[in-house]
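Please examine the structure shown below before reading on. The paragraphs that follow lead through some of its helices and the contacts between them.

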Amino acid sequence: SGENERLLRLERKSARQRATRKKGDPGSNRERRTNDQIARLRATAKRRAVDWQHQSTTDLARRFSAIVVEDLNITAMTASACGTVQEPGVNVAQKRGLNRSIASEAWGRTVEFLTYKSADRGGLVAKVSPYGTSQECHRCHTTTAGSRETQSRFACKNLACGWTGNADTNAARNQLHRYNSAAGRAVTGRGDSGIPGPVKRQASCPTVSPAPALRAAA
């Protein structure tokens with residue numbers, strides 16, 4: 001977007017201004033003005049992101065009595081790949097970009113919002129193990145090499161199954177299956193025993209919703 005392009009130009013301008021400044025010298029008025037512009041743009045983007053998170057999590061908490069997310073170790077996922085002088089890291093630039101992307105999504109803040117908003121409405125947020133949810137087929141529950149064909153496409157290579165579809169949808173249904181298995185229930189808001197399909201909030205029994213938007217890009 002135009003806002004992102006402007007932020008990138010300002011960041012490059014700030015880098016040039018720092019490079020021309022002698023070490024130990026204070027920043028010029030122009031450099032401070034550039035940094036102020038960068039700070040305002042970042043603050044605006046953060047306010048917009050938090051507002052979207054509030055609206056989205058409020059909607060989810062209203063519609064579902066239970067929301068399932070992966071128990072991700074976000075701190076470990078965003079650890080630096082720089083390494084040490086003796087053992088320098090590899091693909092440092094790519095990892096730095098991934099870390100920025102994860103930080104901008106603010107998964108932890110989303111889960112925090114979901115947790116207290118669900119609790120206020122008598123619901124819950126359940127965390128399940130993230131291990132293998134991207135590689136396991138939700139229909140046959142087998143893990144076959146090559147099934148995760150791309151970032152967005154999953155095609156089960158189990159000849160007895162062959163399910164194909166969106167990879168995040170498949171992983172989200174695995175989350176839901178793990179929650180149902182651990183909780184001893186496999187009932188959707190419609191009252192049937194099939195996991196796929198929409199689930200609604202109802203008073204008679206807890207209902208469950210997977211949250212694919214909270215998954216890490218695998």
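**Helices and their packing**

In this predicted model, a set of residues in helix H2, namely Lys46, Ala49, Val50, Gln53, His54, Thr57, Thr58, Leu60 and Ala61, meets Arg109, Thr110, Phe113, Leu114, Tyr116, Lys117 and Ser118 in helix H5. Two packed helices are described by the angle between their axes and the distance between the axes. For H2 and H5 (residues 107-120), the angle is about 40 degrees and the axes lie 9 Å apart. The two helices are therefore oblique to each other, and H2 passes H5 in a right-handed crossing.

Helix H2 (29-63) is also the element against which the buried residues of helix H1 pack. Helix H1 comprises 19 residues (residues 2-20), which at 1.5 Å a residue should span 27 Å; the C-alpha atoms at its ends are 27 Å apart, in agreement with that expectation.

Which residues of H1 are buried? They are Leu7, Leu10, Ser14 and Gln17. These residues cover an arc of only 85 degrees around the axis, so they are on the same side of H1. The other side of H1 carries the exposed residues Glu5, Arg9, Arg12, Arg16, Ala19 and Thr20.

Is Glu31 buried or exposed? Its relative accessible area is 5%, and a residue under 20% counts as buried, so Glu31 is buried. If residues up to four places away in sequence are not counted, Glu31 touches Gln17, Arg18 and Arg21. Gln17 is itself one of the buried residues of H1.

Notes:
Residues are numbered from 1 along each chain as its sequence is written. This is a predicted model: local features need pLDDT of at least 70, side-chain atom pairs count only at pLDDT 80 or more; totals for chains, interfaces and linings use all residues. Side-chain values use heavy atoms; hydrogens and water are left out. Helices (H or I, at least four residues) and strands (E, at least two) are DSSP runs, numbered from the N terminus. The expected span of a helix is 1.5 Å times one less than its number of residues. Buried means under 20% relative accessible area, exposed over 50%, partly exposed in between (1.4 Å probe, protein chains only). The arc is that of the directions from the helix axis to the C-beta atoms. Contact means heavy atoms within 4.5 Å. Axes are lines fitted to C-alpha atoms, for helices over the stretch in contact, and angles run from 0 to 180 degrees between N-to-C directions. Angles under 35 degrees count as roughly parallel, over 145 as roughly antiparallel, 65 to 115 as roughly perpendicular and the rest as oblique. A crossing is left-handed if the near helix is turned anticlockwise from the far one by less than a right angle, and right-handed if clockwise.
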